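Please consult the sequence and the structure while reading.

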Amino acid sequence: MNVLKKLFNGIWTSNPVLILLLGFCPTLAVSTTLKDAIGMGFSALFVLVGSNLVISALRKFTPQKMRIPIFIIVIATFVTIVDLLLYAYFFPLHKSLGVFIPLIVVNCIVFGRAEAFASKNSIIDSLWDGIGMGLGFTLTISVLASIREILGNGTLLGIELFGKSYSPVIVAILPPGAFMTLGLMLAGMNKININMEAKRKAREKAEKEKSKQLKASVANG
Amino acid sequence: MAEKVTFRKGGVHPEERKALSETAPLKKMAAPEMLYMAVNQHIGAIAKSLVKAGDKVLRNQLIAEGEGAVTSRVHSPVSGEIVEIKQMVFPNEAKVEVIVIKNDGKNEKAESTEQERNLPSSKEEFLEIIKNAGIIGMGGAGFPTYVKMNPPKDKTLDTFIINAAECEPYLTTDNRLMLDYTKEFLEGAGMILDMLQIKKCFIGIEENKREAFEKIKSENKDARIEPKLLKTKYPQGAEKQLIYALTGRVVPIRKLPFEVKVIVQNVATVKAVYDAVKFNKPLTERIVTLSGKGINEPSNVLAPLGVTVSAIADFCGGINEKAKYMVNGGPMMGKAFDNTNLPVTKTTSGLLFLAEEEVSSEEENVCIRCGRCIYVCPMGLNPTFLKEESDRRNYEKMDDVLDCIECGSCSFVCPSSRQLASSIAKGKQRYAKHIKKGK
Amino acid sequence: MVKLIILAIDSMLISNIVLMRFLGICPYIGVSKKQETAAGMGFAVIFVMVMATLISFFIQKGILDPLNLGYLQTIVFILVIAALVQMLEVTMKKIAPALFDALGIYLPLITTNCTILGVAILTIQKNFNLVEALVFSFSTGIGYLIAIYIFAGIRERLEWSDIPKPFQGAAIGIITAGLLSLAFFGFTGLVKL
Amino acid sequence: MKDNIMQVVKLFIVCVIAAAVLAWVYGFTKEPIEKSKKSETLDAIKIVVSGMTDQMTIKDSVISLKDDTAKVQSFIVMNPDSTVYAYTIKTYTSLGYGGNITMMVGVDTSFEITGIQPLEYSETPGLGTKMTREEFKSQFLGKSLDNFKFKAQKDGGDIVAITAATITSRAVGDALERGLNTLISNFKTQSDTIKSDSVAIDSAITGEAK
Amino acid sequence: MADNKFIVKPAPFLKKPTDVKMIMWTVVLALIPTTVWAIYLYRLNAVIVILSTILFTELFEMLFLKIRGSKKVIATSFDGSAFVTGLLLALNLPSSAPWWLCAAGAFVAMLFGKHIFGGLGHNPFNPALIARVFLLLSFPTLMTTWKQGMSVDAMTYATPLGILKTDGIEAVKSMDLWRLFAGLPVSGVGGGSIGEISELAVLIGGLLLIVLRVIPFFIPLVFILTVYVFTWIFNAANPSVYASPMFHMVTGGLFLGAFFMATDMVTTPITPKGKIIFAFGCGLITSLIRLFGAYPEGVSFAILIMETLTPTIDKVTKLKKFGA
């Protein structure tokens, strides 16, 4: 399978947050600053890739009935590893991500990919799927966090952007701002897809017309 | 000053506009050359034509009859020849069989009709006469009167109410009838009280018809009959609202008036009963109000049934170029139609020819939830909710549509000009079908 | 006592689990098309949340802490919750079929509802005692019920609305939740923890 | 039957492996995690005590707040020669707009403020949270109970309040005043006794004050 | 006979002449006393705030209508609803609000308050309130510092409720309640939002709306009475902490909210019983926020919170049918 296509699928075509509507909780909660968002994104990416790999590797070994507990254990193990590593080496990040690190366990993106993809596909494919999905998640949460941080704090990655005279839209970094910004992003994504769909249909129609004309001209000729 | 009563819940005050035809004296219209008798002017089983093209008929001769418990009959208003039996489309969008009669001008009447006869000796005989005379509720609903006057055995009646509210704007037929046929009307009422063995009769008259009220009051000798003045408010003529206004009794939801020992009849129906019982005269004519700025001479016409709208309009000076809407009935509940060849039927109380400026024709807008429709709904419904659910055919949530009396008060007040009543009426039909299918 | 009441009000309204803490958003958006189902989900969440919190509380205090196995918290809790939901489904069907009919269909959805695990972990993180854990989990559940129930009411009304196409579905749901959250800011400071 | 047993065995194997992996990871992260736990307090101390060097040691003690029974943590920064370099206290106030405000205050040996650092608070974003800004914090540098009234100017004190956040400003004043009082009453007279048992930074700071 | 073409449409053919436009412009009319008083107090500042807010609101209304593909952009944007939103929002801003704050508020009101839900009639929350709360959370300093009316100095002060919250009851005890009621300047006290300074002016407009039957009298009555009763209870229990009910009557946005925002038809319950519950809830939450909350004033929040309950209230207060 084409690797780029796989990645593009995770990042855009079936973006886990904006298209599959999964993983809203961490997306909303950990997007007050870009730094946290990237941390969260990569943590989820790590868990996704890890659990996808292991579950894919174990797919012949895993009995159908014990599937779910095994998935849970594998995922939870990776989550705990992330939790411990962050605690040990990235303490400020660990502190700001808080309860949302252990909650990666119940993040539907991870479980969903394990169930829908990794348990049925080869290790390599699962790896790329995990990376694609992880990047899609990371990118989405980062974009959201960038908007919120810039608007709500006037900074990006902690760097002041507009100087003292800028008065930040504080609501952007408060819970309502998270919901509203994500909602607008979802709507934007929908809009793009609607437009692309319309264009595709128009193109198909035009092609049909063309072939019709062609046929007609052939028949006439 | 007499005490004035009215119903409590909801109601509106549309401009009355009765002045146009109120003072016009009753004009009698002679039968024109062609008459069109629909076989289905009532609620219930459709009557079947008893005649065929080429048949000769006499005045008052029975020409169509239905079968079943609830049905009615149709009689010829003139003597003449049956030209054809054809289908016509009526404003309620239903195709109806119409018997076309060519008037021979001889005006020969059928034997034993239109002559004084003995009063019936029993209730059964009385009801039989009414049934044979083809009398139905002439206020607009068209429910066969003999059925209505014969409630189930276990129900007793103690009050007879004559509906003279005439709450619809423009209409003045009942008013005219009460003024011009006071004696007959009162005698008819007494007759019904005798036959149904009821002790009390209220005549509910809105205060904008004070003249009729005073006249009836002064001419009435019967102690059982009491004319009562009603505060003008629409829809006072609706059965349940009128019963409440006059007796304070509340008809339970989805039940008929006899649940509270009451029957209600329209003024014109009472007069028709009088004609049938006293003179053996079937229902072949009625008073129609022609009004609106689109008719040259707004008037009240005693017309034979079956005359076309164009014929009766010409009789009243013709339709002028202002007329943009034609309405069968009152402006609140009547139906618009565009075919002047349709005939007058037993339930045609008014024909309105309305000019642009008389009619609101604003575009429907979005609901702003002002709640005005709720305040005016006489049935205590939530019209805006029912409209939304009706439009969406959300059958689970629209059971209340069955309680709508389609009075149109909601549409009347809606500041967004939403067609609430008609949407709900449509929903009501659909829902009724849906329930039937379910069973 | 006062402290418990304050804790209850705080976790119900002020720090509402959905609108302020961002937990359980997926079922919040997913199971809120109708008020009846939202109420069912809400009650199921309360029920499971209290049980899961208490059980995981005992496991933490009775097993993990003494054995110094705190790092196994996540894995143990999620297994406990998954097992609990399974068991609840079976026993409820047998013992209380009426309750099962009302709440049963929501149970499988609850395993992936991060409020359950979230509250269980928060209870340990905040170092609550048993009574506090009980009050915290119960009132958080009530907060979830409140949030999802009123949200479902609004969404039912939005069914009639002429929402622009790109906003239909999850987008308008999320934004409406944001506006609810905006409104709930009014409760700020009613009690101070 | 055999199938079922196999399934359970497989699940068990997965569990064992998972536990083993976690135990291993836990093993090598244990030390750094302990360090992380302390780093928060340590970082705060470094912020409020200027000019700290790696050669200095920190000694912690739990002391009672003056006018209050609550116990708070205090840290004494010692020079390599075992003389006191600075004192810090994790003081708090309950007068904050959104509840408690905990803050680290550092003073030099003459009990003049060398720095303050709010640690935990739930003040209104955009209003009360401005107390973390330098403009606000810097007005307390070099101030002591003798040369500064820890009340808002509006109440006759010296604190330049945050616009539209008088309550937070007052609360900060309250926390500082009580912290300073406590430090003075605990350490002003007994600075000699501290010298004897100073310990290294790493092992001294344990957890957070309850 | 004339050769007429007849139009067929459903009954009824008569309609009460009141329409949405009329209702909206009546509300605008009723806000004139408040507006005039605001301009009298703050002169050019108030004019700028009011004009720019309305202007931006109308502009964004047009813009979003255009984007949504409306065919009657101009007609719809002048149906009065956007004007009312703009004016109400302006009256909820401080006189010192810069133009960009007005624009931001107008943007939020029109986008999040109205058009993402499909425009007039579909919005679950009052657009002006959404905007106000949004601004309050976003720009707390700008939204909570006030100039005094009729004065030329640039000093800013807190509102009476703000002073009560910050400095306690002693600081407000000596205030002249009649002056506060009428909206006359009181020394050391900031006026508050330009529309909530004079309860008297709001009351005049509100009574006009009641007389013209645009709003039912019981919504403001129940709302205000509930606040009175609750603040009276606490005042009676502990007068050294809680201010008198009369103080609560004449300060803050209680009247503006009760007469002009809790009566917003689109976002409040539709049944009369529901409206009463709604008004009571608003009063209760307003009192709670004023007495115990973090914010000195709770009217906007209270109405917004109750608006989240509107569909639910509508459901539980189903009407009784005639004969049921």
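**Packing of two helices**

An axis is a line fitted to C-alpha atoms, for a helix over the stretch in contact, and angles between axes run from 0 to 180 degrees between N-to-C directions. Two packed helices are described by the angle between their axes and the distance between the axes.

In this predicted model, helix H4 of chain A, residues 67–89, packs with helix H1 of chain D, residues 2–48. The angle is about 10° and the axes lie 8 Å apart. Because angles under 35 degrees count as roughly parallel, H4(A) is described as roughly parallel to H1(D). The crossing of H4(A) past H1(D) is left-handed. In the contact of H4(A) with H1(D), 21 residues are nonpolar, four are polar and one is charged.

**The domains of chain B**

Chain B is divided into two parts: domain 1 comprises 4–22 + 114–279, and domain 2 comprises 372–437. Taken over C-alpha atoms, the centres of domain 1 and domain 2 of chain B are separated by 28 Å.

Domain 1 of chain B contributes 14 residues to the contact, and domain 2 of chain B contributes 15 residues. Between these domains of chain B, an area of about 1000 Å² is buried, and carbon and sulfur atoms give 60% of that area.

**Contacts between chains**

Which chains have the most contacts among the eight pairs that touch? They are chains B and E.

Chain A and chain B, by contrast, do not touch, and their nearest C-alpha atoms are 24 Å apart. Chain B and chain D do not touch either; there the nearest C-alpha atoms are 36 Å apart.

Key:
Residues are numbered from 1 along each chain as its sequence is written. Chains are lettered from A and ligands numbered from 1 in the order in which they are written. This is a predicted model: local features need pLDDT of at least 70, side-chain atom pairs count only at pLDDT 80 or more; totals for chains, interfaces and linings use all residues. Side-chain values use heavy atoms; hydrogens and water are left out. Helices (H or I, at least four residues) and strands (E, at least two) are DSSP runs, numbered from the N terminus. Angles under 35 degrees count as roughly parallel, over 145 as roughly antiparallel, 65 to 115 as roughly perpendicular and the rest as oblique. A crossing is left-handed if the near helix is turned anticlockwise from the far one by less than a right angle, and right-handed if clockwise. Ala, Val, Leu, Ile, Met, Phe, Trp, Tyr, Cys and Pro count as nonpolar, Asp, Glu, Lys and Arg as charged, and the others, Gly among them, as polar. Domain bounds come from an automatic or database domain assignment. Contact means heavy atoms within 4.5 Å. Buried area is the accessible area (1.4 Å probe) that two parts lose on being put together, summed over both.
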